[in-house]
Amino acid sequence: MFDLRWCCSLAALLLPVLSGCSDGSDGTPGSDVNGAVQSYSYDEMGPYPVGNQTISVMNASEGRMLNVELWYPAENTQLAQSIEDFAIDGGEREEILTLLETAPQQCTRRETSSARDSQPATSPAVLPLVIFSHCFECTRYSSFSLAERLASHGIAVAAPDHARNTLFDSGAMLNVEFLATRASDVSAVLDELLIDNSQALPEALQGRFDESRVAIAGHSYGAVTAGKILQDDERFKAGMIIAAPIENPVFPGVSVANVEEPMLFMIAAEDNSIGSIGNAVLRANYEAAASPSWKIEIADAGHWSFSDIAGIVPAFGAGCGEGERQTVPGEPFTYIDNVLARDITATYGMLFFAAHLLGDEEAREALGVSTLEGVVDVQMK
């Protein structure tokens, strides 16, 4: 599986080296129609109900049809849904239900805070956009807690299923060639969403995305995808890098020195997938970054502590329940509560994108502060 190959590859290649709130006046969701500041915090869901729906986007350069999930500010509050409602068809729904029968209740999130096919809110008229790239053989909704938090504060999120590299559609290789394919998926999704009359979008979302306020987030293989996008596609203005180094010898071709955009690095202190060596490289990425950067380390977190589908299959268990420390090899311990880990991830992700897509200087200041001493370690440069 991905965790073992990633860790072993890094170890073999690196061991020799390692041993020697917006003021609201611009119509963002921080204000009412009179420009008065709203009283809410980014560490909780925001003022907008959240809607989501699935669209299809063609990556013409690769001949790949992509299922893409959209989260957006919605007009009215509606009933939320179950995770199986993300399924594309009946067969996939049955497979999810089967997996959920044995997935640990405390790790895999079952219920969403968004309503399917809700009518998009008419204000703000133009939406900042974050595109999310999922982990190896994960899903477009792997991190829907983050997507919901962003959408509730007025930032739309689009997440493609990287075809042949999902939980239900596997077969792609973990290599630099497919990394380029994944990056082309992200660019193709942005291309489509920026078409004013895109037929892939419902009419209420056509022409709504602000091409000057686009960012990316990615987890694991998706984090490396995000790094390649930041390096190669100048339309992206900021990036959230979760649980994998963007510059590493497993996937040559991405250099931190080539990234000029601000970055937020999220690190699981007890990451049993990329391992202690992978975390060392991830920290080195942060230190080498020339752009404004933040590093958030979560104590007792594992690789899938950031994810809503932690533990849904055994391969995604690093971050769920009991484990073995990387920082003290062989020592058993209990991973951080998954609800708390996802909340920390959503809070810092929201602060980061509020600072860089909403222009919120108070969010920028809060981004450099630990929310939980002893649990969250924050550094910035």
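**Reading contacts and disulfides in a predicted model**

Author: The side chain of serine 41 makes a polar contact with the side chain of aspartate 43, at 2.6 Å. A polar contact is a pair of N or O atoms within 3.5 Å; within protein, one must be able to donate a hydrogen and the other to accept it, and residues adjacent in sequence count only if both atoms are side-chain atoms. This is a predicted model, where local features need pLDDT of at least 70 and side-chain atom pairs count only at pLDDT 80 or more, while totals for chains, interfaces and linings use all residues. Residues are numbered from 1 along each chain as its sequence is written, and side-chain values use heavy atoms, with hydrogens and water left out.

Reader: Where does serine 41 lie?

Author: Helices (H or I, at least four residues) and strands (E, at least two) are DSSP runs, numbered from the N terminus. Serine 41 lies in the loop between α1 (2–19) and β1 (50–59).

Reader: Is serine 41 buried, exposed or partly exposed?

Author: Buried means under 20% relative accessible area, exposed over 50%, and partly exposed in between, with a 1.4 Å probe and protein chains only. Serine 41 has 28% relative accessibility, so serine 41 counts as partly exposed.

Reader: How many disulfides are there?

Author: A disulfide is a covalent bond between the sulfur atoms of two cysteines. The rule used here is a pair of cysteine sulfur atoms within 2.5 Å, and the count comes to two. In one, the sulfur atoms of cysteine 107 and cysteine 320 are 2.1 Å apart. Cysteine 107 is in the loop between α2 (90–102) and β3 (115–116) and cysteine 320 in the loop between β9 (293–298) and β10 (322–324), so the pair ties together parts 213 residues apart in sequence. The torsion about their S-S bond is about 90°, so this disulfide is right-handed.

Reader: What about cysteine 135 and cysteine 138?

Author: Their sulfur atoms are 1.9 Å apart, forming a disulfide, and with -100° about the S-S bond the link is left-handed. Cysteine 138 is buried because its relative accessibility is 0%.

Reader: Which residues does threonine 166 contact, leaving aside neighbours within four places in sequence?

Author: Contact means heavy atoms within 4.5 Å. On that basis threonine 166 touches His134, Glu137, Cys138 and Asp161. The side chain of threonine 166 also reaches the backbone nitrogen of aspartate 169 at 2.9 Å.
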